[in-house]
Amino acid sequence: MNYFSVNKAAKLVGQDARHIRRLCAEGELPGAVKDGNRWRIPESADPRLAGIDADAAGLDEVVKISVPKRQQAMRRLGLIKEAEKFAASQMHSAGCGRSEALAIFAKTHRLGVRSLQRWIHRYRSDGFAGLVDGRGGGNGGEKISPEAFEYFKGMYLTEQRRSVKTCLLNVSYINKRDGRGWQIPSLRYMQRYVREKIPLFVRVLYREGIDAYIAKCAPYIKIDPDSVEPGQVWVGDHHQLNCWVRHRNRWVRPWLTAWQDMRSRALLGWHISTSPNQTTILLAMRRAIKRYGAPESVKIDNGRDYDSQMFTGVTKTVRRAIKAGYIDEKMVSGLYAMMGISASFAIKYRAQSKPIERMFDTVDMQFSKSLKTYCGKDAKRRPEALNSYLKTQTAITEAYTLDSFAEQFTRYPEIYNNTAHHGNGMHGRSPANVLVTRQSRRQISDDALDLLCRVWSGELKVGKNGVRFKGLYYGQYDAEVLAYQGKPVRVSYDPDDIRSVHIYDAVTMRLVTIAEQARLVQYGRAVDEESLRYAERQKAQVRRAAREYRKTHLVAGLDLTDLTLKAMADAQEPVEEQLPPDIRPVITPLDGQVKKHKKLELAGRLKKAAGAEQLEMDIDLSLLGPDRNKEAVKLGLFNEQ
């Protein structure tokens with residue numbers, strides 16, 4: 001028997017030499033022995049070492065066969081090769097037939113002729129797997145019939161995510177009930193067979209849905225970093241930091257809202273809060289624009305992708321903090337459009353569309369882990385003593401508050417931006433060094449930026465008392481506001497002073513007015529004369545504005561009824577000439593009874609006129625008219641005996 005070195009064997013089987021050494025050490029190559037520091041591998045250890053065609057040998061099944069059964073199958077394969085050579089030589093030299101030559105070979109090697117012939121037949125039909133003894137334990141020779149596997153896939157590849165065990169049990173029952181004669185393998189074999197035969201992307205797509213497929217398996221377009229200028233595109237997102245701070249006498253995990261330059265990876269603007277929203281996005285943007293100027297476009301996370309983390313163990317606190325629709329895309333796009341910035345929103349479940357995610361991991365590694373209250377990314381990485389520590393008075397005393405934590409964090413971006421980065425296109429340069437290579441800078445005035453980056457409401461509808469916002473009314477007597485009655489507006493305000501708000505058209509974002517908060521009168525208390533006079537003046541002003549809106553003198557001398565009818569007649573469409581329709585008589589059960597109906601109706605009216613409803617008599621109606629030949633109609637006005 002021929003023996004091969006590790007390198008020679010690796011070349012013949014198409015594997016790495018390290019992989020072959022590992023298989024030898026684990027006993028996966030039968031007959032391999034170690035001679036000093038080198039392995040010697042027999043040709044019987046793998047069909048490919050014996051020069052057997054890979055497809056014919058069914059090598060995809062070899063890994064599923066236990067070592068003893070594989071050794072037995074290899075011995076059978078060796079006997080088949082020797083028998084074929086012996087038969088060919090005997091047929092050529094002795095002139096005997098093939099069957100006779102195989103019988104002589106079997107007798108010489110103490111084999112049954114029928115067994116040898118059966119091995120040869122199975123090897124030709126099923127390859128190497130056909131030589132494996134399927135009896136007893138192990139998974140050698142196990143397989144599932146193709147039709148049974150199709151039934152299995154129909155049950156397994158669904159969003160119900162049925163287990164392999166349940167699907168295999170169902171297939172086995174169908175096989176038994178209908179007498180299909182399928183070959184059904186063991187559960188252990190089937191679990192491995194599913195992993196090997198059903199690609200991962202297929203399992204994810206059909207069992208977890210399109211969103212999970214996009215997040216886990218779908219290919220994505222990689223962006224050439226040199227195609228984006230520094231400062232041209234910014235990416236904004238939220239991240240809950242993996243640490244605890246004190247806020248309003250309780251422990252909270254702070255949220256970081258940040259803007260990062262796509263090309264240089266520089267951290268430009270940020271805001272620390274307990275709950276992220278579109279206001280924190282604007283506040284972080286304001287900080288970034290004041291220092292670095294405005295970008296040409298921004299990419300913003302829309303919040304919906306946080307739902308994808310629900311099946312990975314996100315807490316209820318996180319789900320409450322990031323609610324669906326927490327960001328008003330229409331409003332944010334409108335604000336950025338006024339700054340000449342185009343806005344797009346990250347694709348759902350597509351982490352690759354938000355390169356800022358990598359920076360958040362770096363922040364946690366470099367900054368959050370330095371805190372005593374670091375809690376880890378998940379339960380496995382949480383320090384064991386953390387929960388006990390958080391309950392101590394020492395932890396409460398030493399802990400950062402939300403404000404002191406935010407102040408401490410302001411030192412980190414400068415360090416991050418001036419640290420060498422080895423990401424795609426960075427070439428070991430720091431974000432700050434890449435950012436300074438930009439060719440131009442877009443600048444927005446501080447006054448305009450302050451107006452745009454205030455706190456904004458969603459769409460509100462103007463009512464008869466103005467705009468109701470946060471339980472208060474604004475613009476109650478303002479004619480500009482009341483002109484928008486029933487229309488949508490938006491409100492921006494300074495959270496430190498809500499005595500007045502800026503009201504904007506919700507569609508055009510045009511300033512309508514700066515509205516004052518409506519005065520409230522306490523119930524049951526007398527109202528002073530000055531307040532009444534002020535209210536009456538405001539009402540009169542609104543009525544005057546309404547009267548001036550309509551120019552009544554223009555239509556004072558017009559007959560509006562006549563004008564309306566003439567206008568309607570003028571707007572009429574001409575009637576098109578149509579062909580007469582075909583007449584199709586309809587037969588009904590009342591046909592022929594019309595005359596009787598008229599007689600009874602006339603009789604009733606005459607009785608009422610004569611006051612003789614209870615009498616019966618005959619009246620010849622022909623006497624009442626010029627037609628004397630009409631037959632008399634018996635009305636039954638008198639009872640005749």
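What follows is a short chat about a few helices, strands and residues in this structure.

User: Before we start, what kind of model is this?

Analyst: Residues are numbered from 1 along each chain as its sequence is written. Side-chain values use heavy atoms, with hydrogens and water left out, local features need pLDDT of at least 70, side-chain atom pairs count only at pLDDT 80 or more, and totals for chains, interfaces and linings use all residues, as this is a predicted model.

User: Okay, which residues of helix H1 are buried?

Analyst: Helices here are DSSP runs of H or I with at least four residues, strands are E runs of at least two, and both are numbered from the N terminus. Buried means under 20% relative accessible area, exposed means over 50%, and partly exposed is in between (1.4 Å probe, protein chains only). In H1, residues 6-13, the buried ones are Val6, Ala9, Ala10 and Val13.

User: Why do those buried residues line one face of H1?

Analyst: Look down the axis of H1 and take the directions from the helix axis to the C-beta atoms, which define the arc. On the other side of H1, Asn7 and Lys11 are exposed. The buried residues line one face because they fall within an arc of 100°.

User: And what do the buried residues of H1 pack against?

Analyst: Contact means heavy atoms within 4.5 Å. Just after H1 comes glycine 14, with a positive phi of about 75°. The packing partners of the buried H1 residues are E1, helix H2 (17-25) and E3.

User: E1 and E3 are strands, then; what is the strand order in their open sheet?

Analyst: Two strands pair if DSSP finds at least two bridges between them. Strands E1 (3-4) and E2 (33-35) are the edges, each pairing on one side only. The pairing is antiparallel, and the order of the three strands is E1-E3-E2.

User: Which residue in E3 stands opposite phenylalanine 4?

Analyst: E1 pairs with E3 (residues 38-42) in the antiparallel sense, over two bridges. Opposite phenylalanine 4 stands isoleucine 41.

User: Moving on, how are H7 and H9 oriented to each other?

Analyst: Axes are lines fitted to C-alpha atoms, for helices over the stretch in contact, and angles run from 0 to 180 degrees between N-to-C directions. The axes of H7 (residues 146-156) and H9 (residues 187-197) come within 13 Å and cross at roughly 80°. Angles under 35 degrees count as roughly parallel, over 145 as roughly antiparallel, 65 to 115 as roughly perpendicular and the rest as oblique. So H7 and H9 are roughly perpendicular.

User: How many charged residues are in the contact of H7 with H9?

Analyst: From H7, Phe149, Phe152 and Tyr156 meet Met190, Tyr193, Val194 and Lys197 of H9. Ala, Val, Leu, Ile, Met, Phe, Trp, Tyr, Cys and Pro count as nonpolar, Asp, Glu, Lys and Arg as charged, and the others, Gly among them, as polar. By class, there are six nonpolar, no polar and, for charged, one.

User: What do the buried residues of H10 pack against?

Analyst: In H10 (residues 200-208), Val202, Arg203, Val204 and Arg207 are buried. Glycine 209 follows H10 and has a positive phi, near 100°. The buried residues pack against H7, H9 and helix H11 (210-216).

User: Last one: is tyrosine 493 buried or exposed?

Analyst: Tyrosine 493 sits in strand E15 (residues 488-494). Leaving aside neighbours within four places in sequence, its contacts include Arg454, Phe469 and Ile498. With a relative accessible area of 10%, tyrosine 493 is buried.
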